[in-house]
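Try each task before reading its solution.

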Amino acid sequence: MEKSLLAMFLLILPELVYGNLLEKNEKKLQEAYGVAGGIAEQAFSSIKTVHLYVGEERMMRRLSTALHPTLILGIKQGLLKGFFSVALESYLRFLHFLTSILNSFLNNHYNGLGASLMNIKHFAKAKILASLISEIINRVPPIDSTDRQGKTISIVNGALEFKDIDFTYPSKPETLVLKKFNLKVNACQTV
């Protein structure tokens with residue numbers, strides 16, 4: 001009984017260490033891709049403005065800078081997977097050698113368990129993605145759509161008017177895009 005528990009521990013321990021390392025790296029990778037994705041989303045959603053202010057070069061530099069951590073983390077993840085595959089293969093071969101020497105019971109029952117634990121990386125990735133989804137689901141929006149306070153318009157005639165609007169993009173608050181902008185659009189008018 002003690003031998004089988006020791007063998008179980010020897011098979012599971014490297015998988016747990018690998019899964020933990022992979023999970024941490026994958027989480028950092030997902031966060032880095034999130035930052036780069038936010039920059040790309042801003043660029044695409046305001047593509048006319050980026051083009052108008054000849055900001056393609058600057059936007060490409062920002063995106064490239066934001067993607068650099070994903071390159072480093074991707075290399076780290078590849079090395080981690082490669083090293084672990086070789087190390088685990090060697091480790092399992094060593095355990096196989098030991099178990100075949102000790103007795104056939106360990107050889108027949110626990111090598112299959114070690115091989116099945118190779119998929120622990122998928123559980124780690126699923127755990128990370130589940131936490132990201134949970135964050136999105138549990139996010140409280142800054143605007144409360146059920147709040148009845150504030151100004152309620154009693155008569156809507158279809159006209160829309162902006163007066164003295166100053167606007168900056170959240171990504172570049174120091175660059176004023178609209179300054180004292182005024183626009184009036186009457187009902188049924190196309191602009």
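**Exercise 1. Work out whether F167 is buried, partly exposed or exposed.**

Step 1: Buried means under 20% relative accessible area, exposed means over 50%, and partly exposed is in between, with a 1.4 Å probe and protein chains only.

Step 2: apply them. F167 has a relative accessible area of 32%, so it is partly exposed.

Before you go on, two notes on the model. This is a predicted model, where local features need pLDDT of at least 70 and side-chain atom pairs count only at pLDDT 80 or more, while totals for chains, interfaces and linings use all residues. Residues are numbered from 1 along each chain as its sequence is written, and side-chain values use heavy atoms, leaving out hydrogens and water.

**Exercise 2. Find the strand that holds F167, and say how this strand pairs with β2.**

Step 1: locate the residue. F167 sits in strand β1, residues 160-169. Strands (E, at least two residues) and helices (H or I, at least four) are DSSP runs, numbered from the N terminus.

Step 2: look across to the partner. β1 pairs with β2 (residues 172-185) in the antiparallel sense, over 7 bridges. Two strands count as paired if DSSP finds at least two bridges between them.

Step 3: With 2 residues between them, β1 and β2 form a hairpin. As one example of a bridge, F162 has L183 as its partner in β2.

**Exercise 3. List what F167 touches, leaving out residues up to four places away in sequence.**

Step 1: F167 then touches T175, L176, V177 and L178.

Step 2: take V177 from that list. F167 and V177 are 10 residues apart in sequence, yet 5.6 Å apart in space, C-alpha to C-alpha.

**Exercise 4. Find the aromatic pair and name its geometry.**

Step 1: set the rule. Rings of Phe, Tyr and Trp (its six-membered ring) pair if their centres lie within 6.5 Å; planes under 30 degrees apart are stacked, over 60 edge-to-face, and the rest tilted.

Step 2: count. The rule gives 1 aromatic pair.

Step 3: check the partner's cover. Y169 has 24% relative accessibility, so it counts as partly exposed.

**Exercise 5. How many salt bridges does the whole structure hold?**

Step 1: the test is a side-chain nitrogen of Lys or Arg within 4 Å of a carboxyl oxygen of Asp or Glu. The search finds 2.

Step 2: K163 and E161 make one of them, with the closest N and O atoms 3.9 Å apart. K163 is exposed because its relative accessibility is 59%, and E161, at 44%, is partly exposed.

Step 3: E174 and K172 also meet in a salt bridge, at 3.1 Å from N to O. E174 is exposed at 60%, whereas K172 is partly exposed at 21%.

How values were computed: Contact means heavy atoms within 4.5 Å.
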